Amino acid sequence: MTGSSRSDKNKAPSAPIVVGVDGSDSALAAVGWAAAECARQHVPLRLVHGYLVVTGYPEMVITDPEVRGLLERQGRDWLTEAAAAARATAPDVEVTTELQCSGATGLLVDESKKARLVVIGSRGRGTVTGLLLGSTAVALAAHGHSPVVVVRGTETPDGPVVVGVDGSPTSEAALAFAFETASGRGAALTAVMTTQDFTVDSVYNASRIAIDWAQVEEDGRRLLAQRLAGWQEKYPDVEVHRVVMRDRPARALLRFGAEAQLLVVGSHGHGGFAGMLLGSTSQALVHHAPCPLAIVRTPK
């Protein structure tokens, strides 16, 4: 992911990669992944933590000086630990930290305005001070200003970058991100498009016999080739593998992600409804992706 893709073309060349830190092993894994990525891109790393505690109903912020002091010291300790882990992974990367009395999600959304990427772990501490994966990933995908990477599963170092394609605007943004990543890492790219089958109980079940699946798949191959053509011209160094298969998108991407170094999807595709925060495929992958997952929004 060296350079800047269309998804972050308005970012400064030295825009940092931001990581949410909450003291969990998952957050430290995210720090290690981000530090290595910063070394590849020659950009700084920014570690952030928000220590806001909310309790009761209606919501009230605890303001007791002793409690807040403990939370602040704990947050600083976590940031110090994370910074040490980052420097152990990438000694030459510039590392800065930020501690705020703020909700984690709001802090990361704000940080994303100037970030190249925002990176989070797959599991937080499970407390209101931690990064609660589901809500944080959904909020960042819906309101963030940069791609979001959820570090989970196992990265296959020599595996391809795998990207889901469906022809939607977010899919196009995901392609830009995926090609940039593959080029920067010297990796192959696998572009996956599915022709989703009907379920047995579908209201369209009776029409299955009229569907020419061979033609559907041929149309899919043609569409995929069209979507990839411009990107292959821009990144001739990237070896591209095209996959068109009759399967559900999430299931297909889970399969190919098992041997990938990074899985890339748009925040929602053609199957989403207006106003949907995170598409069903992206939502499933947030919780089950077998490797690190990048969720890319359409540039604002």
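Modeller: Let's start with a cut-off: a residue is buried under 20% relative accessible area, exposed over 50%, and partly exposed in between. Keep in mind as well that this is a predicted model.

Biologist: Okay, then why is aspartate 247 called buried?

Modeller: Its relative accessible area is 11%, and buried means under 20%, so aspartate 247 counts as buried.

Biologist: Aspartate 247 has a salt-bridge partner in arginine 251. What makes that pair a salt bridge?

Modeller: The closest N and O atoms of arginine 251 and aspartate 247 are 2.6 Å apart. The limit is within 4 Å, so the pair qualifies.

Biologist: And is arginine 251 buried or exposed?

Modeller: Arginine 251 comes out at 53% relative accessibility.

Biologist: Why are arginine 222 and aspartate 219 called partly exposed?

Modeller: Arginine 222 has a relative accessible area of 40%, and aspartate 219 has 36%.

Biologist: Let's turn to helix 5. How do you know that its length agrees with its 17 residues?

Modeller: At 1.5 Å a residue, residues 169-185 should span 24 Å, and the end C-alpha atoms are 25 Å apart, which agrees. Just after helix 5, glycine 186 takes a positive phi of about 65°.

Biologist: What makes helix 5 largely enclosed by the rest of the structure?

Modeller: Of its 17 residues, 13 are buried, so helix 5 is largely enclosed. Across the protein's 300 residues, 49% count as buried.

Biologist: Which residues touch the most other members of the largest nonpolar core?

Modeller: That core has 53 residues, and Leu45, Leu47, Val119, Val163, Phe179, Leu189 and Val264 touch the most other members. Helix 5 gives the core its largest share, eight residues. Domain 1 (17-151) and domain 2 (161-296) each supply at least three. Apart from that core lies another, with 28 residues, including Ala115, Ile120, Ala137 and Val148. In soluble globular proteins, nonpolar side chains tend to be buried together.

Biologist: Where do the side chains of strand 7 point?

Modeller: Val148 and Val150 point one way and Val149 and Val151 the other, and all are buried. In a regular strand the side chains alternate between the two faces of the sheet.

Biologist: What makes strand 6 and strand 7 a pair?

Modeller: Strand 6 (residues 117-121) and strand 7 share four bridges in the parallel sense. Pairing takes at least two bridges, so they qualify. Isoleucine 120 stands opposite valine 150 there. Strand 7 also pairs with strand 12 (residues 293-296), in the antiparallel sense over three bridges. Valine 150 has leucine 293 as its bridge partner in strand 12.

Biologist: Last ones. Why is serine 102 called buried, and why is threonine 80 called exposed?

Modeller: Serine 102 is at 16%, and buried is under 20%, so serine 102 counts as buried. Serine 102 lies in the loop between strand 5 (95-100) and helix 3 (104-111). Leaving out residues up to four places away in sequence, serine 102 touches Gly50, Tyr51, Leu52 and Leu107. Threonine 80, in helix 2 (residues 65-89), has 55%, and exposed is over 50%, so threonine 80 counts as exposed.

Key: Residues are numbered from 1 along each chain as its sequence is written. This is a predicted model: local features need pLDDT of at least 70, side-chain atom pairs count only at pLDDT 80 or more; totals for chains, interfaces and linings use all residues. Side-chain values use heavy atoms; hydrogens and water are left out. Helices (H or I, at least four residues) and strands (E, at least two) are DSSP runs, numbered from the N terminus. The expected span of a helix is 1.5 Å times one less than its number of residues. Buried means under 20% relative accessible area, exposed over 50%, partly exposed in between (1.4 Å probe, protein chains only). A nonpolar core is a set of buried Ala, Val, Leu, Ile, Met, Phe, Trp, Tyr and Cys residues joined through side-chain atoms within 4.5 Å. Domain bounds come from an automatic or database domain assignment. Contact means heavy atoms within 4.5 Å. A salt bridge is a side-chain nitrogen of Lys or Arg within 4 Å of a carboxyl oxygen of Asp or Glu.
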